[in-house]
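This report is meant for a reader meeting the structure below.

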Amino acid sequence: MKILQFEIGENGAKLKCYLQDSSPAIYGSVRRPAVVIFPGGGYEFVSDPEGEPVALAYAAEGFHAFVLTYSVGEKGVFPIPQREAFAAIALVRRHAREWGVDEGKIAVAGFSAGGHLAASCGVYWKDERVNPEADKRACRPDALVLGYPCITAGEYAYPGINTVHGKGTAFPELLSLETHVDGDTPPAFVCHTSDDTCVPAINSLLFCTALARANVAYELHIYKEGPHGMSLANGAVSSPLLAAQDEDVRHAVGAIARRFSGWLKESVAFLKQVFEPVRFGYRDGKLFLLPSCGKEGAGCSDDKKNVNK
């Protein structure tokens, strides 16, 4: 694995790249899918447990991974982090051939406020106010992975959305992402817990409802138990506070975490379905597989003439 780092934007945001080697012994390693990760932190800091550990987990699933340490606080008022995120996606696409990235299989993954950032990339990639990059299409993620995301600036908002952005942004009407979803928003995998008292799960429900209305594919997992900010919910991101608890408490927390930790495998399965969709035709009373199109939304040229024969 090669690890590279680039500075992005005038505030010195950093994109850390985890690039895997190719091998003739590993199928698909010449051109891999990629995920650009935006950790959370309420737009006030960037959370370590949602950065490198998540990148390494996706790397173990065959992805190239990238972590953006974006601008926060007074330097990170909307849309500055969004512009850094678009620049990061565009940089990955520019280097796709050199780095062995499949340029049609680039997802973004974000957690909490980073989920707001990732979802922003999905809804505003065409919007000049948010994305000043010349090649807008190069900035569009092919899929979204949103972990307990902040979505709205309305009634169910995480307070930090309005605290950080509300006083300084020129575009307060753009902070509620659920009102800007359209048919060009990428497919999304979304996970949350109904116990989340920091960012209410209705944020995820609002976004997925908007996706459904726009006829955009999505997958939503709302787990019954679990606090906000569990990241991978495994030993790689275990909090020092947990180690200080009694054994029965650690056991109970572990049971909750084991359920939530399944989101990673589920997101990988979702991304594979988006990047390499399985399509069926129907002939003589039997289903058959149509040729793979190799790209989400691409549609094979002979789909329609085969399906109903």
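A residue counts as buried when its relative accessible area is under 20%, and as exposed when that value is over 50%. The model described here is predicted.

**Two buried loop sites**

Ser 176 has a relative accessible area of 14%, so Ser 176 is buried. Ser 176 is placed in the loop between α5 (159-165) and β7 (188-193). From there, the side chain of Ser 176 reaches the backbone nitrogen of Ala 153 at 2.9 Å. Residues up to four places away in sequence aside, Ser 176 touches Tyr 124, Ile 151, Thr 152, Ala 153 and Gly 154.

Gly 40 also lies in a loop, the one between β3 (32-38) and α1 (52-60). Gly 40 counts as buried because its relative accessibility is 0%. Apart from neighbours within four places in sequence, the contacts of Gly 40 include Phe 45, Val 46, Tyr 70 and Phe 111. Gly 40 and Gly 51 are separated by 11 residues in sequence and by 8.6 Å in space, C-alpha to C-alpha.

**Helix α1 and what covers it**

The buried residues of α1 are Pro 53, Val 54, Ala 55, Ala 57, Tyr 58 and Ala 59. Among the elements that cover them are the strands β2 (13-19), β3, β4 (64-69), β5 (101-111) and β6 (143-147), together with α9 (263-275). Just after α1, Gly 62 takes a positive phi of about 100°.

**Nonpolar cores**

The largest nonpolar core has 57 residues, and those with the most contacts inside it are Leu 15, Phe 38, Phe 66, Leu 68 and Phe 207. Helix α2 (residues 80-94) gives the most to this core, namely 8 residues. A second, separate core has 32 residues, including Tyr 18, Tyr 148, Leu 264 and Leu 271. With neighbours within four places in sequence left aside, Leu 15 is in contact with residues that include Phe 6, Val 36, Phe 66, Leu 68, Ala 88 and Leu 91.

**The largest pocket**

The largest pocket has a volume of about 710 Å³. Its lining is made of 31 residues, and His 228, Gly 229, Met 230, Val 237 and Ser 239 lie nearest the centre of the pocket. The elements that give two or more residues to this lining are α7 (240-243) and α8 (247-260). Helix α8 supplies the largest share of the lining, 6 residues. By class, the lining holds 15 nonpolar, 14 polar and 2 charged residues.

**Backbone details**

Which peptide bond is cis, with omega near 10°? The bond from Phe 78 to Pro 79 is cis. Pro 79 is in the loop between β4 and α2.

| Residue | Loop | Phi | Relative accessibility |
|---|---|---|---|
| Asn 215 | between α6 (202-213) and β8 (218-223) | about 60° | 73% |
| Asp 284 | between β9 (280-283) and β10 (286-289) | about 55° | 72% |

Asn 215 has a positive phi although it is not a glycine, and Asp 284 has a positive phi although it is not a glycine. Asn 215 counts as exposed because its relative accessibility is 73%. With a value of 72%, Asp 284 counts as exposed.

Technical notes. Residues are numbered from 1 along each chain as its sequence is written. This is a predicted model: local features need pLDDT of at least 70, side-chain atom pairs count only at pLDDT 80 or more; totals for chains, interfaces and linings use all residues. Side-chain values use heavy atoms; hydrogens and water are left out. Helices (H or I, at least four residues) and strands (E, at least two) are DSSP runs, numbered from the N terminus. Buried means under 20% relative accessible area, exposed over 50%, partly exposed in between (1.4 Å probe, protein chains only). A polar contact is a pair of N or O atoms within 3.5 Å; within protein, one must be able to donate a hydrogen and the other to accept it, and residues adjacent in sequence count only if both atoms are side-chain atoms. Contact means heavy atoms within 4.5 Å. A nonpolar core is a set of buried Ala, Val, Leu, Ile, Met, Phe, Trp, Tyr and Cys residues joined through side-chain atoms within 4.5 Å. On a 1 Å grid over the protein atoms alone, a cavity is a set of points where a 1.4 Å probe fits but cannot get out, and a pocket is an open set with protein on both sides within 12 Å along at least five of seven lines; lining residues have an atom within 4 Å of a point. Grid points are joined across faces, edges and corners, and a volume is the space filled by probe spheres set on the points. Ala, Val, Leu, Ile, Met, Phe, Trp, Tyr, Cys and Pro count as nonpolar, Asp, Glu, Lys and Arg as charged, and the others, Gly among them, as polar.
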